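Could you walk me through this complex in the viewer, one selection at a time? I would like to know what to pick next and what is there.

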There are 2 protein chains.
Amino acid sequence: MELRDIEIFLMLAEELHFGRTAERLYVSPARISQVIKAQERFIGAPLFERTSRAVRLTEVGRRLRDDLRPIHAGFQESLERARMASRGVSARLRVGLMPFNFSGLWPLWKAFQRQHPQWEVQVRLAHFQEPFGQLRRGEFDVFLAWLPVEEPDLTVGPTLFTDPRVLTVAEDHPLAVRTSATVEVLGDFPVSAGELKLDYWEEGYLPFQTRRGRTIERGLRARHADEMITAVGMGEIVMPFPSHVAEYWNLPGIRYLPMPDLAPLSYALIWRTESENDLIRALAATARDLGTLNLQT
Amino acid sequence: MELRDIEIFLMLAEELHFGRTAERLYVSPARISQVIKAQERFIGAPLFERTSRAVRLTEVGRRLRDDLRPIHAGFQESLERARMASRGVSARLRVGLMPFNFSGLWPLWKAFQRQHPQWEVQVRLAHFQEPFGQLRRGEFDVFLAWLPVEEPDLTVGPTLFTDPRVLTVAEDHPLAVRTSATVEVLGDFPVSAGELKLDYWEEGYLPFQTRRGRTIERGLRARHADEMITAVGMGEIVMPFPSHVAEYWNLPGIRYLPMPDLAPLSYALIWRTESENDLIRALAATARDLGTLNLQT
DNA sequence: ATATCTCGATGTCCCGTAGCTCCACCGTGG
DNA sequence: CCACGGTGGAGCTACGGGACATCGAGATAT
């Protein structure tokens, strides 16, 4: 059995669906079936129970998954460490953020790199469904979240920047003729949201109701910001963002309307309290030294 | 990188010799070279320093070896456990012994299997260079050694059998005409020995000198008992064994001469005190129930 | 109850490449 | 100058993987 097979087995054990597993690994469903079949021949017992409607792990399969998962992860890490060492990097800090937040933070990355050349910052894409889950699962070490964040197991670090809001609308949208927008108009047009599963935090980004009590309808459940801005471009939704997205997306068909009555967003570094380490402290220190950037232009 | 590559890397890291690595893995030396080269390209730094006379690990390579070794072992174990589970076996006890000891122990294996059908005994070949090393490294859980064994980290369990000695000689050897042999004659002909690196234990098998003080010359350093008996057949050496080997090797060209003045050998189960477990205790109990077999015929 | 549809796993045939061998070459220490 | 041992290159083959057809079983409809 080769590593590729292990990867397929673990992915299937997670997805419990041959087709989706194939998609995520960029191979055909038939291949998944072949590989699993071969593994079962090798092990000598079925690893999955397949009915035409559902795939379930057998007892043997469950046990194997539990055994192999940490080992597989450890393996990837070992290779990663070796590759870092070959570049003279002794450790790596993975920062999760929404991609449009990246550009505004050049000063931070540069300062950190200058102060700690032996460490490396990797920026990873956070998605709009349970980003705290990604943080808690260890997919990244630090997460750049808007405030407020109040989670017992997470530490809220320094605030990196505060940014007023703009409403993005398609250029042929009824609102596009205006020069600014109020929260109130969001009662008239659907907006987007991720599946955050954390109401107070979603509300920190955008309230569920206007001041006059009208519901702000979440029309599109998006996984990534790209989907949102695309839907804005198509005129399906309108969407408030921190204003610095205008630098990130200077798309021809999009208008940015200031939203003076929506409070500016503050973004801060968040991390799991129990896995705080030197790298995280160093990044936080660098951030504190730079102070909170005020992006108001 | 696939598991096969890891295996090659680890084997080379142990052997530090491309040719021997290739032999042990049954591939061509060129293949080893190609694979290592590819790994170095992937990692981004040399893993081995090659001079025309020696191969050494680099710092990165050493680190990678230390990281990967336990992980690789873990993989193999996980798969092994799954395969056992598929046969309804929940654990496995690996017993190391010299192959010619195996046949006399049928009653023990059978009794153990009857008492504990959910456990499996695997017999592994112990070699004549540092067998205690194999035990300590975990290549097997229990080792069948002749006595005395006095090692601080090892437990000496029940004695399985006691067996008088025979001297094996080729049928055309000068000694073959006799009906028995004394230790004294070993001063005249070379014998074999492993590289045991443990004098008191080697001496337990065969003294270094005859009673009259003549040296018993170790003519052949053998890794396995097969090599010894082959050399005996060729007339190069003579060799004392416990007498039950006569059942194991009933080779036409070999004579077995009783050695009344060499003390019978006792074989006992030995294990690492700190890794004693239920299986080991169960095997020891079964052995005690059977009592010490007296193989004197 | 039967027929039809749809979803999702799997068998089969086929292709391209990765894994491997063979052989020639070359650097270095005895 | 030889011999040992690592490496480059050409070539073969088996295996990883895709395309497509098929099949079993819920779901839906008449």
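A salt bridge here is a side-chain nitrogen of Lys or Arg within 4 Å of a carboxyl oxygen of Asp or Glu. Keep that rule at hand for the first stop, and bear in mind throughout that this is a predicted model.

**Stop 1: where the two protein chains meet**

Select R81(A) and D67(B) and show their side chains. These residues form a salt bridge, and their closest N and O atoms are 3.0 Å apart. The rule finds two salt bridges across the interface of chain B and chain A. It also finds ten residue pairs in polar contact across that interface, both partners being at pLDDT 80 or more.

**Stop 2**

Superpose chain B on chain A. A turn of 179° with a shift of 0.3 Å along the axis does it, giving an RMSD of 0.3 Å. The two copies are thus related as by a two-fold rotation axis. Which surface does each copy use to meet its partner? Of the interface residues of chain B, 100% are also interface residues in chain A, so the copies meet through the same surface.

**Stop 2: DNA strand C**

Select DNA strand C and the residues around it. There are 20 of them, and the closest are K37(A), R50(A), S28(B), R31(B) and S52(B). Which parts of the strand face the protein? Of the atoms of DNA strand C within 4 Å of the protein, 76% belong to sugar or phosphate, and the rest belong to bases.

A polar backbone atom of S28(B) is 2.6 Å from a phosphate oxygen of DNA strand C.

Helix 2 (18–25) and helix 3 of chain A, together with helix 3 of chain B, are the elements that give two or more residues to the surface near DNA strand C. Helix 3 of chain A has the largest share, with five residues. By class, this surface divides into seven nonpolar, seven polar and six charged residues.

**Stop 3: DNA strand D**

Move on to DNA strand D. Of the 18 residues around it, S28(A), S52(A), S33(B), K37(B) and R50(B) come nearest. Sugar and phosphate make up 78% of the atoms of DNA strand D that come within 4 Å of the protein.

A backbone N or O atom of S28(A) is 2.7 Å from a phosphate oxygen of DNA strand D. For a contact with a base, look at Q34(A): an N or O atom in its side chain is 3.3 Å from a base oxygen of DNA strand D.

Two or more residues of the surface near DNA strand D come from each of helix 3 (29–43) of chain A and helix 2 (18–25) and helix 3 (29–43) of chain B. Helix 3 of chain B gives the most, with four residues. This surface has six nonpolar, seven polar and five charged residues.

**Stop 4: backbone details**

Finish with the backbone. In chain A, the peptide bond from L147(A) to P148(A) is cis, with omega near 5°. P148(A) is in the loop between strand 5 (142–146) and strand 6 (154–163) of chain A. In chain B, a cis peptide bond joins L147(B) and P148(B), with omega about 5°.

Lastly, select L16(B), in the loop between helix 1 and helix 2 of chain B. Phi of L16(B) is near 55°, a positive value in a residue other than glycine.

Technical notes: Residues are numbered from 1 along each chain as its sequence is written. Chains are lettered from A and ligands numbered from 1 in the order in which they are written. This is a predicted model: local features need pLDDT of at least 70, side-chain atom pairs count only at pLDDT 80 or more; totals for chains, interfaces and linings use all residues. Side-chain values use heavy atoms; hydrogens and water are left out. A residue is near a molecule or strand if one of its heavy atoms lies within 4 Å of it. A polar contact is a pair of N or O atoms within 3.5 Å; within protein, one must be able to donate a hydrogen and the other to accept it, and residues adjacent in sequence count only if both atoms are side-chain atoms. Ala, Val, Leu, Ile, Met, Phe, Trp, Tyr, Cys and Pro count as nonpolar, Asp, Glu, Lys and Arg as charged, and the others, Gly among them, as polar. Copies are superposed by least squares on the C-alpha atoms of residues with pLDDT of at least 70 in both. Contact means heavy atoms within 4.5 Å.
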